[in-house]
Amino acid sequence: MTIKSILTGAVTAVGLASAAFAADVKVGFVYVGPVGDGGWTYEHEQGRLAVEKHFGDKVETIFQESVPEGADSERVMTQMALSGANLIFTTSFGYMDPTNNVAAKFPNVKFEHATGYKRMHPNVSTYSARFYEGRAVQGHIAGKMTKTNKIGYIGSFPIPEVIRGINAAFIHAKKANPDVEFNIVWAYTWFDPAKEADAATALIEQGADVILQHTDSTAPQAAAEKAGNVITFGQASDMPEYGPMPRVSSIIDDWAPYYIARTQAVLDGSWASMDTWDGIGPGMVKIGEISNAVPADVKADALALRDSIASGTYSPFTGPLNKQDGSAWLAAGETADDGTLAGMSFYVEGLTGDIPN
Amino acid sequence: MDLSAINPVLLIASLMVSATPILLAAIGETVVEKAGVLNLGVEGMMITGAVVGFAVAINSGSPELGFICAAIAGAALSLSFGFLTQVLLANQVATGLGLTLVGLGLSALIGKPYEGMKSPTLPALDIPGFSDIPILGPIVFSHDPMVYVSIALVIAVWAVLKYSRAGLILRGVGENHDAAHALGYKVIRIRLLAIMFGGACAGLGGAYLSLVRVPQWTEGMTSGAGWIALAIVVFGSWKPLRVLVGAYLFGGVTVLQLNLQAAGVAIPVEYLSMSPYLITIAVLVFISARGAQTAPASLGRIFHASN
Amino acid sequence: MIRLEKRLHPSRALTSLTPILAVILTMIIGGVMFALLGKPPLESIRIIFWDPLFNPQFAAYSRPQLLVKAAPLILIAIGLSIGFRAGIWNIGAEGQYIMGAICGAGMGLAFYPADLFIIFPLMVITGAFGGWAWAMIPALLKTRFGTNEILVSLMLVYVAESLLASVSSGVLKNPDGMGFPGSRNLQQYPAAANSELIANTGMHWGVVACFIAVIFAYVVLTRHLQGFHIRLTGQAPRAARFAGVNPHRVTILCLGVSGALAGMAGLFEVAGPAGQITIDFNTGYGFTAIIVAFLGRLHPLGIVLAGLLMALTYIGGELAQLMLGLPGASIQLFQGMLLFFLLATDVFTHYRVRFGEA
């Protein structure tokens, strides 16, 4: 008997046993950080709670937080599948290979991997959000509101997602204010409040009066609040306790609609492997309440920008745009295709500094 | 690349803030090691202080009360180390590591309900007139009270160790615990008091991180600060004033590398982030090469009064 | 009054009994802790200690995972125990583990996509070399300048972590990886993969290596002259010098061996369960191994048992998180308490309790 048949047998046995329970579907969530991080994992947890609320007794959810990427995550996913989960959401890029490995062993369990690109089996889907659409709106507000023309950006890792965000923010900041410049600091972490506080302080001390971040804690907001007269944006979560200043707006990841839809698909039996990349339009990316520290005309422009992106009439990456080395990238009116965006590894013209390798 | 964007005055002010948690933990550990005990559990005591201080500050609204409770919590936790090593004669290295584990786990559990919350924090001193002096103003007069407390603590420890009878006895116990015992001094009691002092200081250092520097509570937020504090004690050759220099140096390099990044300096980030640790190693080598180790002679050895 | 009187020889009976006593005490206090957290204490203890071994729903999968989790811990702990016996405190095993993984994986990836038999053995040797070289830094600094090896090896852990981040995004980055940091997945490169030797038992080359290391360490420590020198240096340094033991040589040997073993563990992990070099590839095995070494009383066979016990708490802890919603931090606390209780009960092995006049 192969391990596959043992495991399938075990799952079927558990499945039959759990048919006696009220829940029709068991959904598992694997988190890379603590649910209290106030950022990335917190929003996934909100999505899970929304699923529970929406389906009531029909769906049971389980979760595990702070699961390190690598062998441990593979074990956690396997144990979730063994305990009867029908649908498992793995919420970090680093879970990509483990997700596919476990999916191979459990063909009857559906796996949804966030921010990844490998779907090696028919029971694996991938999903991500077009955060860069939110960055475009942020960049516009930042460009309009900066008085020193220096915008600080706390980057996490030099991966395409982060570079997309930097580019989108920069393009729109520059459109709003041609004199603006970006100072980018790489924190090499998704979540480390002490380091983020230090990075924000360093940027502020060098003259930045706007801080954008791709890291997940509220530490930069606290540092900005201490410095005074610096504006920030909430990242992944609304971070309202820091509004109206320094937090003037935010990007909110809203996974609830997607999670509810996918759970429903498992309930209906209509679940199929697909790749989802949704933005403001479908509601996966939300722009947080723009505070009254932002002038009314800037707020109106930002909301209009958001609406045009949501309706699809405007794409944040629309030419004419050149790459950082001056070579032509997009002609006038041309928009970037998803393939280029997914693997983006270059800065657009006007950004100084190099992407660390 | 724009090095002129780095403001040296603000840099020094930042590094003082960055160094304060390590300084507090290091000065406490200096006293402990001067008494002849090697407590590797600084990380565990710091993080316990961080979570207790944070929780108390949120519940009471008073950051000052948070700091006091953090010190008490650190001292209480260190007592477990003290009991195991002084009364039950356990190996100090292993017990210290166990203390780190216990501290990390306990703090994560206590801190669960407090993740993501915002705490009341200490206001920065703002003396009208003094704080506006160029250069000296931001460096000397614009910090929050704990920075001044930490410096005062260093001076107090230096004075007590050097000039007071209690300090002399402590040093005696650290150099030769058998002789001190023969002279009638209560070695175990003195060491327990020293260990508790070290725990209280580490607790204060941790609370500074969660109440002032970040300020937030997160699991594992000390990120190795306790180990750095241990290195700084050796760096400073167990002399309080040198420990101060070491802490500021380390804090300075850490803050400098972020500032260099922000200024667009082309050195790869990873080498910049390695630099504080490499520099610490270099200094450790330099000090030991010169031969003057000046470690307390009984450091780490188990004391057992034989009859 | 109660006082402690040193025994002439450590009590043999108690040496074997105290770990069991410590485990029982930890279970009791741990149960109390779980109850305070609002979780059913008996069920929690059962899930942590019993289920991974015998629960029909999970055990077929968890039992082999115990070996997978314990193997690197035991391998590193064997190396550390040799040093600890000599009073040489290698706290930086985590850094040596990382460097071994980087060097070994680098060697393997340099051959990609060739399919030669020699690749995996070369990777193992390179991994051991990487760890050995990283441990030589504190070793040479100690023998040459007298620098404290605890602090140097510890600082080097942070340096190694920075190097790991650097190579994940740079030299070793997967060219087919869409720009994301992380190396190629070695599990998918057969010539370099550290796969299971016997299916579904969790036994990969790392497990084999750890058993070889255990036997080797046992033989050396109890039968070989070098082992005697090591033990002597730890217990009576001056006597050792008079006996002609060269302390520098002992330092270099102990640090070298522990570094090489830690490096090998890193390689087996990166080519096996972990699969690729990523920015946060290391999960603290170097530090946990220190606990395992002490729990195992620095004795090779004890370390095997201690390693399996620690693996059990990890895997049982994961199950408890999943099934009861127990916070992950409680397991860390549990492991710390286990060490504390062991150290506390240790006193009875070396000292006799006496009542009466001082």
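B:Val233 makes contact with B:Ala26, B:Glu29, B:Thr30, B:Glu33, B:Trp238 and B:Val243, once neighbours within four places in sequence are left aside; two residues count as in contact if their C-beta atoms, placed from the backbone, lie within 7 Å. The model is a predicted one, in which local features need pLDDT of at least 70 and side-chain atom pairs count only at pLDDT 80 or more, while totals for chains, interfaces and linings use all residues. Residues are numbered from 1 along each chain as its sequence is written, and chains are lettered from A and ligands numbered from 1 in the order in which they are written.

**Around B:Val233**

- This residue sits in helix α10 of chain B, residues 225–235; helices (H or I, at least four residues) and strands (E, at least two) are DSSP runs, numbered from the N terminus.
- Is B:Val233 buried or exposed? B:Val233 is buried because 29 other C-beta atoms lie within 10 Å; the cut-offs are 20 or more such atoms within 10 Å for buried, 12 or fewer for exposed, and partly exposed in between, with C-beta atoms placed from the backbone.
- From B:Val233 to B:Tyr277 there are 44 residues in sequence and 14 Å in space, C-alpha to C-alpha.

**The sheet of chain A**

- Six strands of chain A form an open sheet with mixed pairing, in the order β7-β6-β8-β9-β10-β12; two strands pair if DSSP finds at least two bridges between them.
- At the edges are β7 (181–186) and β12 (285–287) of chain A, each of which pairs on one side only.
- On average, neighbouring strands of this sheet are turned by 15 degrees against each other, direction ignored.
- Strand β10 of chain A (residues 247–253) runs antiparallel to β12(A), and three bridges join the two. A:Ile251 has A:Ile287 of β12(A) as its bridge partner.
- Helix α5 of chain A (residues 131–145) packs on the sheet and touches β6 (150–155), β8 (210–213), β9 (231–236), β10 and β12 of chain A. The direction of α5 makes about 175 degrees with that of β10(A); axes are lines fitted to C-alpha atoms, for helices over the stretch in contact, and angles run from 0 to 180 degrees between N-to-C directions.
- Chain B takes part here too: its helix α11 (residues 240–262) lies across β6 and β7 of chain A, at about 145 degrees to β7(A).

**Domains of chain A**

- Domain 1 of chain A covers 3–129 and domain 2 covers 132–253 + 286–342; the bounds come from an automatic or database domain assignment.
- The centres of these two domains, taken over C-alpha atoms, are 32 Å apart.
- Where they meet, 10 residues of domain 1 of chain A are in contact with 12 residues of domain 2 of chain A. Helix α2 of chain A (residues 40–55) gives the most to the domain 1 side, with three residues.

**Chain C and its neighbours**

- Towards chain B, 36 residues of chain C are in contact with 38 residues of chain B. α14(C) provides the largest share of the chain C side, 13 residues.
- That side has 25 nonpolar, nine polar and two charged residues, where Ala, Val, Leu, Ile, Met, Phe, Trp, Tyr, Cys and Pro count as nonpolar, Asp, Glu, Lys and Arg as charged, and the others, Gly among them, as polar.
- Towards chain A, the contact takes 28 residues from chain C and 34 residues from chain A. Here α13(C) gives the most to the chain C side, with five residues.
- The side of chain C that touches chain A has 14 nonpolar, 12 polar and two charged residues.
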